[in-house]
Amino acid sequence: MHSTPELLLDRVDRFLNDFLPRGLVADHRPLRLSAWTVPADAEGVGEPIPFATAVELAEFEDVAEGFSWGPAWGTTWFRVEGEVPAEWADAPGRVELSLDLGFTRGMPGFQCEGLVRTLDGRAVKGLEPLNHHVPVDARPGESFAFLVEAAANPDLGRFSGPDAFVASPLGDKATAGLEPRYRLGGMRLRRVDTEVEALIHEVVVARGLAVALPEHEPRRARLLAALERGLYAVDPGAPGAGAAAARRILAPSLDSPAAPSAHRVVATGHAHIDSAWLWPSRETVRKVTRTYSNVVDLLDRDPDAVFASSSAQHFAWVQKGDPDLFERIRAYVAEGRFVPVGNTWVECDVNMPSGESLARQLLYGTRFFEREFGVRSEVGWLPDSFGYPGSLPQLLRRAGIRWFFTQKMCWNDVDTMPHHSFDWEGIDGSRVFTHFTPNNTYNGTMHPSELARSVENFSDHAGAGTSLMPFGYGDGGGGPTREMMTLGRLQADLEGSARVQFDTPQAFFAEADEAYADRPVWAGEMYLEFHRGVFTSQSRTKRGNRRNEALLVEAELWWAQAAVLRGAAYPHDELDALWEQILLLQFHDILPGSSIAWVHREAEEAHAVATERLEALIDRALAVVVGEGDAELVANPAPEPLPGVPGYGLGAPQTPAPSTVETLPDGSVRLSSAALSVLVAPDGTVGSIIDAATGRELIAEGGRGNLLQVFVDAPAKWDAWELDRSMHLATADLTDGSVRVDGGAVVVERAFGASTLTQRLALDDTGGALRIETDVDWHERHRLLKLAFAFDVHATDAAYETSFGHVRRATHTNTSWDAARYESCAHRYVHVGEPGFGVAVVNDAIYGHDVTRDSVDGRLVTTVRQSLLRAPTFPDPDADQGRHRFVTLVAPAPTVLEASRWGAVVGSPARAVVGGESPAPLVMLEGGSARLSAVKLADDRSGDVVVRVYEAQGARTEATLRVSFPVAGACEADLVETPGGDVALDGDSLALTLRPFEVRTLRLRRR
């Protein structure tokens, strides 16, 4: 009589979870243990401390299993000693250490971790809960000793169950407490029964495949029968005795080859390591070192293993902190087995950084890989960033990247992306072959269920037969394991399963690109229908990014002028260090505001230091450029001209346009200039904005501008990340408060909840825009603050600035794709318009926006809202508490190009300078809709001037680049400044033709 499949699976699980593990360790011995806890103020700089310092300072005391150690974020060093028993000389099996630091749950990277080193400091291997073995090279009768750097990182990864997303003080060392968090588990020298180990792996594969197959599939029944026969050859009390027999019974089922038409999975070892998230970046340095040590050990022992790793910053950390490990990595890079991918400095957010920032992510990452390894990857690699802008395909192609990999789009909460292998077309028309892993994770484990999921999910079987599977523990690091490699080999050619081939991402893409010729196209941005709150969380981190990425470009501009015109030494090293700092802070859990308090406190501090250093750099450069004198000058770092001042140049200060302030009998206040008339209502909202040039009213009849609104913001999960549509069900308009006139401005003061707010409304210096400065002392929890403007504009879509251009998103909800974009990212402006007329809403440091359409008395109203502040409590329980300041400009803008002009001026404000003269700009761009993005000296220190231009309106255009310094020649370059074909010079000018949204980089060789 046969067992039911359900009962049989229960028996298999009993063997896997209970009986077989009892036979895995054939014999074991205790170890001698001692420990030293690093003082919090070690070396006066706090821990962690380098190995050499630890060895010098350590005072080890004897401890035993069960020892309590590790205040949160602390470090304890363990000395582990023992001897391999002489009687093991002829015993079968593998000798190794098993070191349990007190692991409390299954997932590596979210709790205590360790790094094992030899006594002379050579990295051996990392320790995590599912990878805690350590190789021992000592022979029977010989002794051994290791040092273990154990990190007591607290468990903050509670994403399910009753304790999920609970505010915790553990996210900052200052509030985490001093009590020990871990207790040593088993610390043993063991002899592993490799026959039992192999049986466990084979049972895992056979069981997993059987479960994955359809219920009435004959192969499923045969696998279950083989499992039943095989496991009952094993004595539960002595599994080792029957393991070989059980394996022989299972062997025919595992030797049956896959069908010729079986889908093929290219498996590449990987370890997604967040550069900061539920840990600070200083801990990521150690996570990377632990992970890379694991990988090098695996590569040493398994010739099939390959490993792909992104983020030049991670390699740079290892190079600085562990030169020996870095050299071992370098050797495997040369073999093609340790594979740098992505070519970015970090796996950055790509929605919020400026175009120049994305160009520098690619510049600094590519240059590092070329300099240190002599390689440049052709594979773009951003598996976990929160959506992908339509400008990215062009930037990847212009940095030498042919292919792009991600998986994040499987997180969409409404719509499913229709393809896994396709051409992604950017807003300029560039295309990059793109692949989503159908396994829906970058943390694969090579389990049969994942292979089955890859086959079931893959949406392009008709044209493609291969998919990519990155495998290895990730997020907190860890990487691939020997167990995963074994599971992969067992499924390399197995009936009922996809085939498995270990190889590199490059190999996968080269084959898939050639094989899938007639593939589909996805055009435009890949908007992630999830994590919509990241455009607003942690406002100070976002403000620091916006300001510093602009200051970096400005510092390069003035130093290029100082170097070319005055012969000054261009500060390459200082600018490089600052760029690398800001690029790190654009990581996809830092800039989006989704990290612990410690991370954002440090980010704010780092941004403040960078701002101070950049302001000093700019002051020094401008002093050189203008020379000595007492003339009052204006330095304009924006590419757009100001009255009396060229773009990217210097000039004389101009008197602001005249404007008037008039208080009306009903308490309203009118702000007027030759260009604009603004009526501020008695409640502080804006009831009218009239454009003098057209006579058009911007504010819809019955609508209001400058309307502050507070929403209940309580997402179902992922506090700092999410912004649920249900927020619109609980909205309060803030209209109570006081209104007064102060000089040329209207001052509005409001109090709500535990917060206060002051606004200053005035016309800007040109008289052409309403400028609103909003100061908030924010003390809310689970609330969202927006600033709304209801416009009398018939707009079926809105233009949101993105890197090097803009993207248009529907204002209606015709489709589920339209409706899902209820919160979207814009850089400096949003433009809504109709033919011949429009409005720009401009900001100085925010990203989250929404644009909606409503009908008021039968009239269409288009409402633009800026998201100013949120108040999530996980993972930072005090996110965004305190003072904030925002600048908003509202201006008539007949075209998107005019909106971009306002955005550039607000994003890069002019500064006053005192000196002797104002030389002409190094370059000026005339005509059309092309815009300058950067002027700098070349990264290779050749002295060439690099100029980047882009088309800003989405229209083909012609422009002339005029040069004010002697030029010997000009050539095109890619984003990493590699010289290309020559560009014709006509005296001091270059004629340029640009396609819509095209980005071009030019190198000018000085004479």
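# Questions on a predicted model

User: At what relative accessibility does R402 count as partly exposed?
Analyst: This is a predicted model: local features need pLDDT of at least 70, side-chain atom pairs need pLDDT 80 or more, and totals for chains, interfaces and linings use all residues. Residues are numbered from 1 along each chain as its sequence is written, and side-chain values use heavy atoms, leaving out hydrogens and water. Buried means under 20% relative accessible area, exposed over 50%, and partly exposed in between, with a 1.4 Å probe and protein chains only. R402 therefore counts as partly exposed, at 38%.

User: Which residue meets R402 in a salt bridge?
Analyst: A salt bridge is a side-chain nitrogen of Lys or Arg within 4 Å of a carboxyl oxygen of Asp or Glu. Here the N to O distance is 3.8 Å. R402 sits in the loop between α10 and β17, and its partner is in helix α13, 111 residues apart.

User: Which helices hold R360 and E556?
Analyst: R360 and E556 form a salt bridge, with the closest N and O atoms 2.6 Å apart. The two residues are 196 residues apart, so the pair links distant parts of the chain: R360 in α9 and E556 in α14. Helices are DSSP runs of H or I with at least four residues, strands are runs of E with at least two, and both are numbered from the N terminus. The helices asked for are α9 and α14.

User: How many salt bridges are counted?
Analyst: One of them joins R181 and E179, at 3.6 Å from N to O. R181 is partly exposed at 34%, and E179 is partly exposed at 43%. The count comes to 91.

User: Where does α5 bend?
Analyst: Helix α5 covers residues 239–255 and has 17 residues. Its span from first C-alpha to last is 23 Å, close to the expected 24 Å, which is 1.5 Å times one less than the number of residues. A bend is the angle between axes fitted to the seven residues ending at a residue and the seven starting there. In α5 the angle is about 35°, with P252 following within four residues, and the place is I249.

User: Which helices do the buried residues of α5 pack against?
Analyst: The buried residues of α5 include P239, G242, A246 and L254. Contact means heavy atoms within 4.5 Å. The partners are α1, α3 and α4.

User: Which residues touch the most other members of the largest nonpolar core?
Analyst: A nonpolar core is a set of buried Ala, Val, Leu, Ile, Met, Phe, Trp, Tyr and Cys residues joined through side-chain atoms within 4.5 Å. The largest has 184 residues, and F338, M526 and L1004 touch the most other members. Helix α16 gives the largest share, 12 residues. The residues asked for are F338, M526 and L1004.

User: How many residues are in the second core?
Analyst: In soluble globular proteins, nonpolar side chains tend to be buried together. The second core is separate, with L676, I772, A795 and V839 among its members. Its size is 45 residues.

User: What is the angle between the planes of W277 and W721?
Analyst: Rings of Phe, Tyr and Trp (its six-membered ring) pair if their centres lie within 6.5 Å; planes under 30 degrees apart are stacked, over 60 edge-to-face, and the rest tilted. The whole structure holds 40 aromatic pairs. W277 and W721 lie 6.3 Å centre to centre and are edge-to-face, at 85°.

User: Is L184 buried or exposed?
Analyst: L184 lies in the loop between β11 and β12. Leaving aside residues up to four places away in sequence, L184 touches L33, F67, W69 and D100, among others. Its relative accessible area is 4%, so L184 is buried.

User: Which residue does a cis peptide bond join to F874?
Analyst: The omega of this bond is about 5°. The residue asked for lies in the loop between β43 and β44. D880 is found in the loop between β43 and β44 too, with a positive phi of about 65° although it is not a glycine. The residue joined to F874 is P875.
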